[in-house]
Number of protein chains: 2
Amino acid sequence: MQTGNQRTDISKAKRDIMQKAADLFAERGFGSVGISEVGEVAGLGKGALYYHINSKEELLYSIMTDYIIQLIAAGHGILETKKDTRSRINALSESFMATMFQSRAAMTVCFREVHSLGAEKRETVLSLHGDYQTIWEQVFEEGAQSGDCRDVSRLETKALLGMYFYSFLWVRVGGRLSSKKIARDFSNIVLAAVMVDRPA
Amino acid sequence: MQTGNQRTDISKAKRDIMQKAADLFAERGFGSVGISEVGEVAGLGKGALYYHINSKEELLYSIMTDYIIQLIAAGHGILETKKDTRSRINALSESFMATMFQSRAAMTVCFREVHSLGAEKRETVLSLHGDYQTIWEQVFEEGAQSGDCRDVSRLETKALLGMYFYSFLWVRVGGRLSSKKIARDFSNIVLAAVMVDRPA
């Protein structure tokens, strides 16, 4: 499935609804929140709300896909503009943490509620995550070709990405540490694991 | 809170109920499964079921705590019997993966439903996870003292543990790779990240 080029052409109004709904869903669970409550926190009546969204499930789906589509777009940008393995890994790490800091509620909802989606939409969410993984795989493969990395297996790539995706559960957003500092600690672990030379 | 010494003295009958309930909760969500359905899959009437469990919430709590209590007990055993940093990291990695292979449904339930617990029980679950983290911290601290490791920050420990905890979402249990082989790939990443000498 070609999903890598999907664009996030979402209106400001819809993005505002998504953010508020993600906060509600993250706090109380998708099943426990009525669509009228989403309207309330967004300050919209039912008619206005349904002007922006088709259904509660479609809203959930938009929340779950938006951040990963952003990560994929940023990842493609990094592959195009950076050719050095170490810079690519550092940039992917920064991009992930910046997105996580912005989209923590959406990630919470995604990981907790993916089973609430219909089969087809769930497949697309998983496929988008696959597209994101492919970007890291490309970095490691090209790094191995240039002699920067050792061969990194798919299992190792998934393990390292798991470290990133799990972070939304425990990293204190808005705490003492910036997303950049945390991203650097994470990318140092990746660099130590994959680079032929130890990280600087 | 002293939770590290909690024992898992759970009867075979209750463990069987927990396993079947975890499968149901993982598949359909805690909120969507009635207690009578748990009785059905366990082959028990309401009276017999309530002989083993106090409530649906208590059952959820037992499911969420059992695997982490097992991990803590195994971890304490490893700290006592192994003194070498590399052996400890390899053994903790094996212990984690073996438990994950056994308790995947329970982990799914734990991460998806922790918000369904009351505040006190939720605190205990988080505290148990803290106790488990402390074991890895001790390995890294003693490793730094002996000159095996560099100093590993709490953030780095959490990042590395996230790699393990996230694995229940994607590792194929019963697939081509044994838990031991996967554990070795994971511990090699940890060793690369923390050891002063690169892993053998």
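Is Ala144(A) buried, exposed or partly exposed? With 16 C-beta neighbours inside 10 Å, Ala144(A) counts as partly exposed, because a buried residue needs 20 or more and an exposed one has 12 or fewer. This is a predicted model, and the values below are computed from it.

**Chain A as a whole**

Chain A has nine helices and zero strands. From the N terminus on, the order of elements is α-α-α-α-α-α-α-α-α. The C-alpha trace spans about 60 × 40 × 30 Å along its principal axes. Of the 200 residues in chain A, 40% are buried.

Contacts reach across the sequence. Among contacts in chain A with a separation of 6 or more, 74% join residues 24 or more positions apart.

**The nonpolar core**

The largest nonpolar core has 112 residues. Which residues have the most contacts inside it? They are Val109(A) and Val109(B). Not counting residues up to four places away in sequence, Val109(A) touches Ala22(A), Phe25(A), Ala26(A), Phe30(A), Ile63(A) and Met64(A).

**Helix α2 of chain A**

Helix α2 of chain A covers residues 35-42. Its buried residues are Val38(A), Gly39(A) and Ala42(A). Seen down the axis of α2(A), these buried residues fall within an arc of 100 degrees, so they line one face of the helix. The general rule behind this is simple. An α-helix has 3.6 residues a turn, so residues three or four places apart point the same way.

What covers that face? The cover over the buried residues of α2(A) includes α1 (12-28) and α3 (46-52) of chain A. Just after α2(A) comes Gly43(A), with a positive phi of about 70 degrees.

**The contact between the chains**

How many residues does each chain give to the contact? Chain B gives 21 residues and chain A gives 21 residues. On the side of chain B that touches chain A, α8 (154-166) and α9 (179-194) of chain B are the elements that give two or more residues. The largest share, nine residues, comes from α8(B). By type, the residues on this side of chain B divide into twelve nonpolar, five polar and four charged.

Next, the symmetry. Two copies of a chain are related by a rotation about an axis and a shift along it. Here, a rotation of 180 degrees with 0.0 Å of shift along its axis superposes chain B on chain A, with an RMSD of 0.0 Å. That is the relation of a two-fold axis. In chain B, the C-alpha nearest the axis belongs to Met163(B), 2.0 Å from it. The interface residues tell a matching story: 100% of those of chain B are also interface residues in chain A, so the copies meet through the same surface.

Leaving aside neighbours within four places in sequence, Ala144(A) is in contact with Cys149(A), Arg150(A) and Asp151(A).

In chain B, Gly147(B) is found in the loop between α7 (119-145) and α8. Gly147(B) counts as exposed, with 10 C-beta neighbours inside 10 Å. Arg150(B) lies in the loop between α7 and α8 of chain B. Arg150(B) counts as partly exposed, with 15 C-beta neighbours inside 10 Å. Leaving aside neighbours within four places in sequence, Arg150(B) is in contact with Ala144(B), Val194(B) and Val196(B).

Met195(B) sits in the segment after α9 of chain B. Met195(B) is partly exposed, with 18 other C-beta atoms within 10 Å. Beyond its neighbours within four places in sequence, Met195(B) is in contact with Asp148(B) and Cys149(B).

| Residue pair | Along the chain | C-alpha separation |
|---|---|---|
| Ala144(A) and Met195(A) | 51 residues | 8.8 Å |
| Met195(B) and Phe140(B) | 55 residues | 9.2 Å |
| Gly147(B) and Val194(B) | 47 residues | 11 Å |
| Arg150(B) and Ile89(B) | 61 residues | 14 Å |

Notes: Residues are numbered from 1 along each chain as its sequence is written. Chains are lettered from A and ligands numbered from 1 in the order in which they are written. This is a predicted model: local features need pLDDT of at least 70, side-chain atom pairs count only at pLDDT 80 or more; totals for chains, interfaces and linings use all residues. Two residues are in contact if their C-beta atoms, placed from the backbone, lie within 7 Å. Helices (H or I, at least four residues) and strands (E, at least two) are DSSP runs, numbered from the N terminus. Ala, Val, Leu, Ile, Met, Phe, Trp, Tyr, Cys and Pro count as nonpolar, Asp, Glu, Lys and Arg as charged, and the others, Gly among them, as polar. Copies are superposed by least squares on the C-alpha atoms of residues with pLDDT of at least 70 in both. The arc is that of the directions from the helix axis to the C-beta atoms. A nonpolar core is a set of buried Ala, Val, Leu, Ile, Met, Phe, Trp, Tyr and Cys residues joined through C-beta atoms within 7 Å.
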